[in-house]
Amino acid sequence: MARQPRLFHLIQLAHRALFRAADQTLQSAFGLSAVQQGALFVIGKDEPCHPSAIARALDMNKSAVTTLLSRLEDAGFVRRMADPYDRRAQLVQLSEKGRRTVSASVPHTKAANARLLEGFSPEEIIIIERFLTQVIERSSRASSTPDKSTPLTPSTKESHHDHNQ
């Protein structure tokens, strides 16, 4: 029987490598992390927006978004204001610096995506996108309705050595 690839482990390593490289590039060019850039993109797409919209779009909890927004606000990328329709809520919008940064960082993001896809045919790219989308959807379903019969994490019976091959 053919050995199955260690997809869970490979996705984890790919995620770490991808975000490490993105963070280094974005930090040196714009003073941002990849997550902060993602938040700016979300805010810029539909501003002003509620922090809960950012949390949903980036799959983050509310307290993490609060910390993220505080850092973005301290750095001058966003402004927070009271929601005129709900005094208990806040809205977030890009500052002028945030708008300039989003505009300037888009080409970097497009170039990074292009580098990731180099060497793949259009058909392979469709399969990659479909695979990653299914991973997200299946993982989301599993976390909302736990089903112990189909774990999405590596088996605890696999040795550490097996994961690193």
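**Entry 1: layout**

What pattern does the chain follow, read along the sequence? I read α-α-α-α-β-β-α-α-α. The chain has seven helices and two strands. I took helices (H or I, at least four residues) and strands (E, at least two) as DSSP runs, numbered from the N terminus.

This is a predicted model, in which local features need pLDDT of at least 70 and side-chain atom pairs count only at pLDDT 80 or more, while totals for chains, interfaces and linings use all residues. Residues are numbered from 1 along each chain as its sequence is written, and side-chain values use heavy atoms, with hydrogens and water left out.

**Entry 2: whole-chain numbers**

I looked up burial. Of the 165 residues, 21% count as buried. Buried is under 20% relative accessible area, exposed is over 50%, and partly exposed is in between (1.4 Å probe, protein chains only).

The accessible surface comes to about 12,100 Å². Carbon and sulfur atoms hold 57% of that surface. The areas are Shrake-Rupley values with a 1.4 Å probe; for residues, only the protein chains shown count as cover.

Then I turned to contacts (heavy atoms within 4.5 Å). Among those between residues at least 6 apart in sequence, 47% join residues at least 24 apart.

**Entry 3: the strands**

How do β1 and β2 run? Strand β1 (residues 78–83) and strand β2 (residues 86–94) run antiparallel, and six bridges join them. Pairing asks for at least two bridges found by DSSP. The two strands form a hairpin with two residues between them.

**Entry 4: helix α2**

I compared the span of α2 (residues 34–45) with expectation. Its 12 residues should span 16 Å at 1.5 Å a residue, and its end C-alpha atoms are 17 Å apart, so the two agree. The expected span is 1.5 Å times one less than the number of residues.

Which residues of α2 are buried? I listed Ala34, Gln36, Gln37, Gly38, Ala39, Leu40, Val42 and Ile43. Their cover includes α1 (7–30), α3 (51–58), α4 (62–74), β1, β2 and α5 (96–117).

**Entry 5: helix α1**

Helix α1 has 24 residues. From first C-alpha to last it reaches 33 Å, close to the 34 Å expected at 1.5 Å a residue. Its buried residues are His9, Leu26 and Phe30. Just after α1, Gly31 takes a positive phi of about 75 degrees.

**Entry 6: α1 against α2**

Two packed helices are described by the angle and the distance between their axes. The axes of α1 and α2 come within 8 Å and cross at roughly 75 degrees. The contact is made by Phe19, Ala22, Asp23 and Leu26 of α1 with Ala34, Val35 and Gln37 of α2. I therefore call α1 and α2 roughly perpendicular to each other. The axes are lines fitted to C-alpha atoms, for helices over the stretch in contact, and angles run from 0 to 180 degrees between N-to-C directions. Under 35 degrees is roughly parallel, over 145 roughly antiparallel, 65 to 115 roughly perpendicular, and the rest oblique.

Is Phe30 buried or exposed? Phe30 counts as buried because its relative accessibility is 19%. Leaving aside neighbours within four places in sequence, I find Phe30 in contact with Phe77, Thr101, Ala104, Ser105 and His108. Phe30 and Ser105 are 75 residues apart in sequence, yet 7.8 Å apart in space, C-alpha to C-alpha.

Ala21 also has its place in helix α1. At 39% relative accessibility, Ala21 counts as partly exposed. The C-alpha atoms of Ala21 and Ala34 are separated by 9.3 Å, with the two 13 residues apart along the chain.
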